[in-house]
Amino acid sequence: MNDVNSRIVDIIGIQVDLGASRRGVDMGPSAIRYSGIFEKISELGYECYDKGDITANPLLIDKPSPNPKLKNIDVIANASNELYIKVQASLQNGHFPLVLGGDHSIAVGSVLGVQSVHENIGIIWIDAHGDFNNAETTPSGNVHGMSLSAITGLGPEEMIPFKPANISYVNPNNIALIGVRSIDDEEKKRLKECGAHVFTMADIDKYGMKDIMKMAIDIATNGTKGFHVSLDLDAINPNEAPGVGTPVYGGLTLREAHLAAEMIAENNNLLSAEIVELNPILDIKNQTGELAVQLALSLLGKTIY
Ligand SMILES: [Mn+2]
């Protein structure tokens, strides 16, 4: 069990959907708030602050990208910089930042914000995709598929112009990617070469979620100050989480996702978390928004009994 009494949660929304090809995940924070995230975290015994939403700078939205392989890069880097500052401030105050996306590009801001305070963190990245392309390998130019690569220092550097030189990249050996089932060939090669640990859906079928999570937590805590969880809701099977921009069948069940979140909470090394890629337009009666709240509560230590 987490020591809930010693923890204060800052909810930080970020309404950015320009890293994806399909619009609408900018409404994710609203849908999650609508499902009562603030009240439910408070009921769990935490002190909770809603820090509002970061929005895309309108002056940058229509700015042509200097590189067609990095669509909307300036507006995304700008919003990620704001997120970096907010996450850093939250941790410096001794709070727990809970980031609500937005598309997955914004993870560069949250992860580097945590890294700037804790210096040496691990990451558990739960996702149907690898998010490990860069400008050279991307088939689409959508930067939400490049954020994990950027924070390991393998590009694109343009996503993280705000990273101070003295803050190190995240060591791929401390990264566990879970739930993967859609990955580009070049992306696969790059992930294998860098030393990140990838647990595909086939691995979960074979070993079970419990053993996979044990391994993932070992990886993320090995020699680190703790870890960040980046939950892309498309990791979950689309019949249970239909409200995502890039659904892929054959994903995690609701119970597997909860098991992951509960094991993370029990381990007590979680420094920060984010939930991304919720698209309310594609959702069914906010089912995925409700699910996001339930998973956030499990991450924060809610148990059934
Ligand atoms: Mn993702």
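1. A residue is taken as buried if 20 or more other C-beta atoms lie within 10 Å of its own. The model under discussion is a predicted one. By that cut-off Ala20 is buried, because 27 other C-beta atoms lie within 10 Å. Ala20 is located in the loop between β1 (8-15) and α1 (28-34).

2. Leaving aside residues up to four places away in sequence, Ala20 touches Val25, Asp103, Asn142, His144 and Gly245. Ala20 and Ser140 are separated by 120 residues in sequence, yet their C-alpha atoms are 9.4 Å apart in space.

3. The largest nonpolar core has 96 residues, and the members that touch the most others are Ile124, Ala216, Ala296 and Leu299. Helix α4 (residues 73-92) supplies the largest share of this core, eight residues. In soluble globular proteins, nonpolar side chains tend to be buried together.

4. Which residues does Ile124 touch, not counting those up to four places away in sequence? They are Ala176, Ile178, Ala216, Ala220, Phe227, Val229 and Ile264. One of these partners, Ala216, is itself among the core members that touch the most others, while Ile264 is one of the buried residues of α10.

5. Two packed helices are described by the angle between their axes and the distance between the axes. For α4 and helix α5 (residues 107-118), the angle is about 35° and the axes are 7 Å apart. The crossing of α4 and α5 is right-handed. On the α4 side the contact is made by Ser80, Asn81, Leu83, Tyr84, Val87, Gln88, Leu91 and Gln92; α5 contributes Val108, Gly109, Ser110, Leu112, Gly113, Val114, Ser116 and Val117. In the contact of α4 with α5, eight residues are nonpolar, eight are polar and none is charged.

6. Helix α10 (residues 254-267) has 14 residues, and the distance from its first C-alpha to its last is 20 Å, close to the 20 Å expected at 1.5 Å a residue. The buried residues of α10 are Glu256, Ala257, His258, Ala260, Ala261, Ile264 and Ala265. An α-helix has 3.6 residues a turn, so residues three or four places apart point the same way. After α10 comes Asn268, with a positive phi near 70°.

7. Asn72, in the loop between α3 (58-61) and α4, has a positive phi near 60°. Asn72 counts as buried because it has 24 C-beta neighbours inside 10 Å. Asp131 is not a glycine either, and its phi is positive at about 50°. The place of Asp131 is the loop between β4 (122-126) and α6. With 26 C-beta neighbours inside 10 Å, Asp131 is therefore counted as buried.

8. Where are the cis peptide bonds to be noted here? One runs from Gly101 to Gly102, with omega near 15°, and Gly102 lies in the loop between β3 (96-100) and α5. Another runs from Gly155 to Pro156, with omega near 0°. Pro156 is in the loop between α6 (147-151) and β5 (175-180).

Definitions and conventions
Residues are numbered from 1 along each chain as its sequence is written. This is a predicted model: local features need pLDDT of at least 70, side-chain atom pairs count only at pLDDT 80 or more; totals for chains, interfaces and linings use all residues. Helices (H or I, at least four residues) and strands (E, at least two) are DSSP runs, numbered from the N terminus. The expected span of a helix is 1.5 Å times one less than its number of residues. A residue is buried if 20 or more other C-beta atoms lie within 10 Å of its own, exposed if 12 or fewer, and partly exposed in between; C-beta atoms are placed from the backbone. A nonpolar core is a set of buried Ala, Val, Leu, Ile, Met, Phe, Trp, Tyr and Cys residues joined through C-beta atoms within 7 Å. Two residues are in contact if their C-beta atoms, placed from the backbone, lie within 7 Å. Axes are lines fitted to C-alpha atoms, for helices over the stretch in contact, and angles run from 0 to 180 degrees between N-to-C directions. A crossing is left-handed if the near helix is turned anticlockwise from the far one by less than a right angle, and right-handed if clockwise. Ala, Val, Leu, Ile, Met, Phe, Trp, Tyr, Cys and Pro count as nonpolar, Asp, Glu, Lys and Arg as charged, and the others, Gly among them, as polar.
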